[in-house]
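Biologist: Hi! Could you show me the model, and then walk me through it?
Modeller: Happy to, here it comes.

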Amino acid sequence: MAQQAYVEKLKLKFPGDADLLFRDLSFSVAAGEKVLLLGPSGCGKSTLLQVLSGLIPQSIEVPLKADKIVTPASWGYVFQDPDSQFCMPYVDEELAFVLENLAVPREEMAARIDCALRQVGLELADSHIPIASLSGGMKQRLAIASVLLLDPEVLFLDEPSAMLDPQGTETIWEVLQEVCRDKTVVIVEHKIDHVLVFAERLVLFDAAGRIIADGPNAEIFSAYKDEMLEQGIWFPGVWDRHLEGTPLQREHDSFGLQSPLLELRDFKGFRNGETKISGVELAAYPGEWVIIHGQNGAGKSTFLHAVMQFIKTSGRCELEGRPIKKVKKLAERMAFVFQNPEYQFVANTVYEEMAYSLRLDGKGQAEIDRLVEEYLELFQLSGQREKNPFQLSMGQKRRLSVAATIIQGQQLILLDEPTFGLDSKNTFALLGFLENYRKKGAVILMVTHDEVIARNYGTAFWQVVDGEIRETKGSAMDRRTAVSADLRLEGGLCG
């Protein structure tokens, strides 16, 4: 069978890195194969896709050597970050740009654009809307639609469903399975449940970018589960093994007269003069982990932006009984982690990114060094200390964005899909850190589509439907009694 993408004895080194990413790596994919690449965050999976497609070094200059590299003549690439591949400001213009390059007659474009949007489940009243107004999940659907319009022979998919809700994830993989029957597909994905019926070959990498296994799905999962667990690779049943080893306890006791840390009444959020968030009457108490769920585009991220006062708001929003608009140095009391980690990077090295907010607080150098080293170790970023944040893998960027944001010890933490792009080991480490933080009295508001995280870590559940937020599970008193003993055992509120 003809090899459609091939690399032999690849060596690659990013500027500033002490070590090679790959050492004599050889890999090939044959015509018609569906291959899933699995490995821990930062092991080089996305980099390998970019080499196989020719993006490296033709478009992205990275020093490399190889005995031979064969790239396909016809290929399409879906990036981890959908914003990375958009060329035009509006949805219809982005898809029209693809069709123009294929010399499709203008009179045929509208119908083909509508068909592509329906195919990926991106239903819009008007396709001539700014891409910037879409949610992360909607952008991901658009990115997939633009690549499918190319009708390439080979598809490189880098976490194409990372930002999608469960229904959207299922829909996208059903579409890809249908349209890619006769195509060659190489996939990087952490959410593998829907991929396993599609990809028949698995390739496992270790943290150093070495291939440790390559073969059929059933054979790999049967023989390499221990190695996958050690490397932080997602596999069916890994959640069960993790929860068996670290069972969560939800104690029950009276919460007394404890007041809410965050209280919202008749709260509304506005963007471009339009009401985007409305009807909010909610309260979050010390020690609560609030799961915010809803379909892509429902307004989950916008709700977090409103609480953080990133957009105009009205109504009552109080932090410990004080109007949030009157709280001085709000960033010292509330932390926000963006869906896209690159939005919040401000420094040239990982160390300085971690130290930035501490310097603003006026902390001494010894205290800064202590805290930064502690968090670098906790979030497995010690080896990246001097690297530019934008040179990290997506999983490493995600870990850095969380660590740098919460290093000040704020009482209220808002997280927008903090686990997408993370391997299992780093996901479990992050959740464990947040759980311990919650037990000390912090409030966590977390947007996530991960139903297992919601089920095992959430103490309260808020749903967003068309911009309206409502509580969906448990009363305020039920929740307060569920977390009170944790707070007593951990010594009360964090400060």
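This is a predicted model: local features need pLDDT of at least 70, side-chain atom pairs count only at pLDDT 80 or more; totals for chains, interfaces and linings use all residues.

Biologist: What is the mean pLDDT of the chain?
Modeller: The mean is 89, and 92% of the residues reach 70 or more. Confidence is highest in helix α3, at 97, and lowest in helix α16 (residues 476-490), at a mean of 48. Helices (H or I, at least four residues) and strands (E, at least two) are DSSP runs, numbered from the N terminus.

Biologist: Let's look at α3, then. How does α3 pack with α5?
Modeller: Helix α3 (residues 91-101) and helix α5 (residues 136-150) pack at about 20°, with axes 9 Å apart. Axes are lines fitted to C-alpha atoms, for helices over the stretch in contact, and angles run from 0 to 180 degrees between N-to-C directions. The two helices are therefore roughly parallel (under 35 degrees; over 145 is roughly antiparallel, 65 to 115 roughly perpendicular and the rest oblique).

Biologist: Which residues make the contact?
Modeller: From α3, Val 91, Leu 95, Val 98 and Leu 99; from α5, Leu 142, Ala 145, Ser 146, Leu 149 and Leu 150. They divide into eight nonpolar, one polar and no charged. Here Ala, Val, Leu, Ile, Met, Phe, Trp, Tyr, Cys and Pro count as nonpolar, Asp, Glu, Lys and Arg as charged, and the others, Gly among them, as polar.

Biologist: And at what angle do α4 and α5 pack?
Modeller: Helix α4 (residues 106-119) packs with α5 at about 125°, with axes 9 Å apart. That makes α4 oblique to α5. Arg 112, Ala 116, Leu 117 and Gln 119 of α4 meet Leu 142, Ala 145, Leu 148 and Leu 149 of α5.

Biologist: Switching to strands: in what order do the six strands of the open sheet run?
Modeller: The order is β6-β7-β8-β3-β9-β10, with mixed pairing. Two strands pair if DSSP finds at least two bridges between them. The edge strands, β6 (75-78) and β10 (211-216), each pair on one side only. The twist averages 15° from one strand to the next.

Biologist: In which sense do β7 and β8 pair?
Modeller: Strand β7 (residues 154-158) and strand β8 (residues 184-188) pair in the parallel sense, over five bridges. Asp 158 has Val 188 of β8 as its bridge partner.

Biologist: Last one: is the peptide bond from Ile 56 to Pro 57 cis or trans?
Modeller: That bond is cis, with omega near 10°, and Pro 57 has its place in helix α2 (residues 55-58). Most peptide bonds are trans.

Methods:
Residues are numbered from 1 along each chain as its sequence is written. Side-chain values use heavy atoms; hydrogens and water are left out. Contact means heavy atoms within 4.5 Å. pLDDT is the predictor's confidence in each residue, from 0 to 100.
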